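Visitor: I would like a close look at a single part of this model. Please place that part in the whole chain as you go.

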Amino acid sequence: MFVYEEIIYIALLTLLASLIGTMAGFGISTIMVPILLIILPLPQTLLLVGIVHWFNDIWKILLFRKGIRWKLLLTFGLPGIFASFLGSFLSLKISREILSRALGVFLIAYVIFIIFNRTFKLSQKLSVAISGGTLTGFFAGMFGVGGEINAVALSAFNLKKAVYVATAGAIAFMIDSTRIATYIQGGTRLDPVLVSGFLIFIPISLIGAMIGKIGIEKIPQEKFRNFVAVFIFLFGLKLVLFP
């Protein structure tokens, strides 16, 4: 049974995760899941974080709505969602630790690559977007991590800040809607005190997203990809050292 002091702790964690998740375009699950697993079983943790993530997706879409590019979203996002199912199926046959370390090495290698190839940029042509989205979804399903894989692909397009955040949020929204429904349909439920805590978690996540938006606006466009790359590198390092 939860006490209300723990609700405050989770609210503060939500604020931090939402702020970083908005600025980097990913990272909410990375921050929240390991900490919440200390006090919650895995199914409840995934459901709670999934709901927080879902609301953060909405805030990204609303706060950066001028950056939405429907053509990029549909040609990149939809193939990725379907391809993620194939990746998820194949991932069941491979060790999770091996997959995590392999992903970490890939993320670090990508960051090193763009450091030495600062002008590298993928074309936003239809064929490239569909191919990139398909591969991104496949690897996201295989490695079990969607946001970080999307961040790699979207940063490779070298998008404007608002387009990057809005597109990442919209893709995550589609995925999170499906997985939340799956958790609930599978019988996962939250403690009533935790459910009441969403009266705090939801507005707190909005505040975190708004602070994140202010932070993004202060980052020069030419420095934004490097900013995202820092978070990709840190996450990759975490996977290599602590899979």
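Guide: Read along the sequence, the chain runs α-α-α-α-α-α-α-α-α-α. That makes ten helices and zero strands, where helices (H or I, at least four residues) and strands (E, at least two) are DSSP runs numbered from the N terminus. The model is predicted: local features need pLDDT of at least 70, side-chain atom pairs count only at pLDDT 80 or more, and totals for chains, interfaces and linings use all residues. Residues are numbered from 1 along each chain as its sequence is written, and side-chain values use heavy atoms, with hydrogens and water left out.

Take helix α1, residues 4-24. Its 21 residues should span 30 Å at 1.5 Å a residue, and its end C-alpha atoms are 30 Å apart, which agrees. The expected span is 1.5 Å times one less than the number of residues.

Now the burial. Buried means under 20% relative accessible area (1.4 Å probe, protein chains only). The buried residues of α1 include I7, I10, A11, L13 and T14. Further along, A17, S18, I20, G21, T22, M23 and A24 are buried too. An α-helix has 3.6 residues a turn, so residues three or four places apart point the same way.

The buried residues of α1 pack against α2 (28-36), α3 (42-63), α8 (161-185), α9 (192-217) and α10 (221-241). Contact means heavy atoms within 4.5 Å. Just after α1, G25 takes a positive phi of about 90°.

Back to the whole chain. Buried residues make up 49% of its 243 residues. Among contacts between residues at least 6 apart in sequence, 85% join residues at least 24 apart.

How values were computed
Buried means under 20% relative accessible area, exposed over 50%, partly exposed in between (1.4 Å probe, protein chains only).
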